Each structure stands twice: as C-alpha cells, then as structure tokens.
Amino acid sequence: MSREEKIGNVVIYARSDVPDPAAILQQYAQAQRAAEEVFGESATVTYCDDGMAGSTVRRPGLQSMLRHMDAGFVRAIVVASDDRLTRSYMDDLRLRVRFEIAGVPLIVAKGQAAEALAADRGLADERVRHQEPQNGLPAPWLARALSVLRIKRD
C-alpha cells in the first residue's frame, strides 16, 4: 500500500510551555496551512498539550497521538515548528525513528522559527520531511539514528 493510499487521518500536534490559547491557535493555523499545501486536504484531528513542557514526552496529547499512530489511525503528523514535539535531541530522534518505522511522515510547517531551529540543532532538511527508503534501505538520517540508539530494524 503506498503512502497516498494509506488509511488514517492527517493530524496536527500543538504544544505550549505555558497555558496560551492564542499560541495554540497560531500553531494550529500554521500546521493547517501546511497540511493543505502538502496533502491538499485539511487535518481532521488535533492533539494538544497546552501548558506542558517540551522537556519530556510524557504528555497526554502526545501519548494519545502516539497510541493512535501505533493503531494505524494516523496517516501523517503536521507540526508548526520542530520544537513542538520535544526539546530533547534524544527524544526527537526516538520519535522520528518511531514515525519512520510506522511509515508516518512528519511535516514541519516552514517558517522562520522552524528553519532557524533546524539550523541551530544541525538538523538537515532530510530530517524535517519524510523520505521514502531507496532500494529498501532506510533514509540516511534513520540509519544514523538507529545506530546511535542501538535499535535493530528488521
């Protein structure tokens, strides 16, 4: 089954360190525009952790999204900026590996903040957008991440 035929929802994940409905709405609007640009359709589900620190992945909205992804209900994840998922580099790698293994692309809405963060963290553009494996091999960033995290992939 190709990615275009995959069943599930295009979802948005939004997070703010302090309770800030305006910031969440702004993230939602940016991510929704990116979903429409990339997929030609609106995201149908939004997961939100308002007032939750990005230093941990133990957040109810994120965990709910991950459970739904594991169950096959998520086709793609859209975030306004790269740091909305986590502020930990290792957690970021773990999440991206999990998304890659599940076949769920992560789309980061292109904005100055996202590009500045990616440059600051040394995140190549290949890590920002999903890449299809070539010749059955994982994307180069995934191979490096699996090696660093010592995860064996079938």
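Two residues are in contact here when they have heavy atoms within 4.5 Å of each other. Keep that in mind for the views below, and remember that this is a predicted model.

**View 1. Ile-77 and the residues around it.** Leaving aside residues up to four places away in sequence, Ile-77 touches Val-11, Met-65, Met-69, Phe-99, Val-104, Pro-105, Leu-106 and Ile-107. Ile-77 also belongs to the largest nonpolar core, where it is listed with Met-65, Leu-85 and Phe-99 as having the most contacts inside the core.

**View 2. The largest nonpolar core.** This core has 16 residues. At least two residues come from each of these elements: strand S1 (9-16), helix H2 (60-70), strand S3 (74-79), helix H3 (89-102) and strand S4 (106-108). The top contributor is H2, which gives four residues. In soluble globular proteins, nonpolar side chains tend to be buried together.

**View 3. Gln-32 in helix H1.** Look for Gln-32 in helix H1, which covers residues 21-39. Is Gln-32 buried or exposed? Gln-32 counts as buried because its relative accessible area is 9%, and the cut-off for buried is under 20%. Beyond four places in sequence, Gln-32 touches Ile-12, Ser-42 and Ala-43.

**View 4. A charge over a ring.** Here Arg-75 lies over the face of Phe-39, at 5.8 Å from the ring centre. As for aromatic pairs, the structure holds zero.

**View 5. The stretch to treat with care.** Over residues 112-133, pLDDT stays under 50. The model does have 45 contacts beyond four places in sequence for this stretch. Still, where pLDDT is low, the predicted coordinates should not be read in detail. Across the protein chain, pLDDT averages 79, and 67% of the residues score at least 70.

**View 6. Stepping back to the whole chain.** The protein chain has six helices and four strands, arranged along the sequence as β-α-β-α-β-α-β-α-α-α. Of its 154 residues, 42% count as buried. The chain exposes about 8,300 Å², with carbon and sulfur atoms supplying 52% of that area. How many of the contacts between residues at least 6 apart in sequence join residues at least 24 apart? The share is 73%.

Notes: Residues are numbered from 1 along each chain as its sequence is written. This is a predicted model: local features need pLDDT of at least 70, side-chain atom pairs count only at pLDDT 80 or more; totals for chains, interfaces and linings use all residues. Side-chain values use heavy atoms; hydrogens and water are left out. Buried means under 20% relative accessible area, exposed over 50%, partly exposed in between (1.4 Å probe, protein chains only). Accessible areas come from the Shrake-Rupley method with a 1.4 Å probe; for residues, only the protein chains shown count as cover. A nonpolar core is a set of buried Ala, Val, Leu, Ile, Met, Phe, Trp, Tyr and Cys residues joined through side-chain atoms within 4.5 Å. Rings of Phe, Tyr and Trp (its six-membered ring) pair if their centres lie within 6.5 Å; planes under 30 degrees apart count as stacked, over 60 as edge-to-face and the rest as tilted. A charge sits over a ring if NZ of Lys or CZ of Arg is within 6 Å of the ring centre and within 35 degrees of the ring normal. pLDDT is the predictor's confidence in each residue, from 0 to 100.
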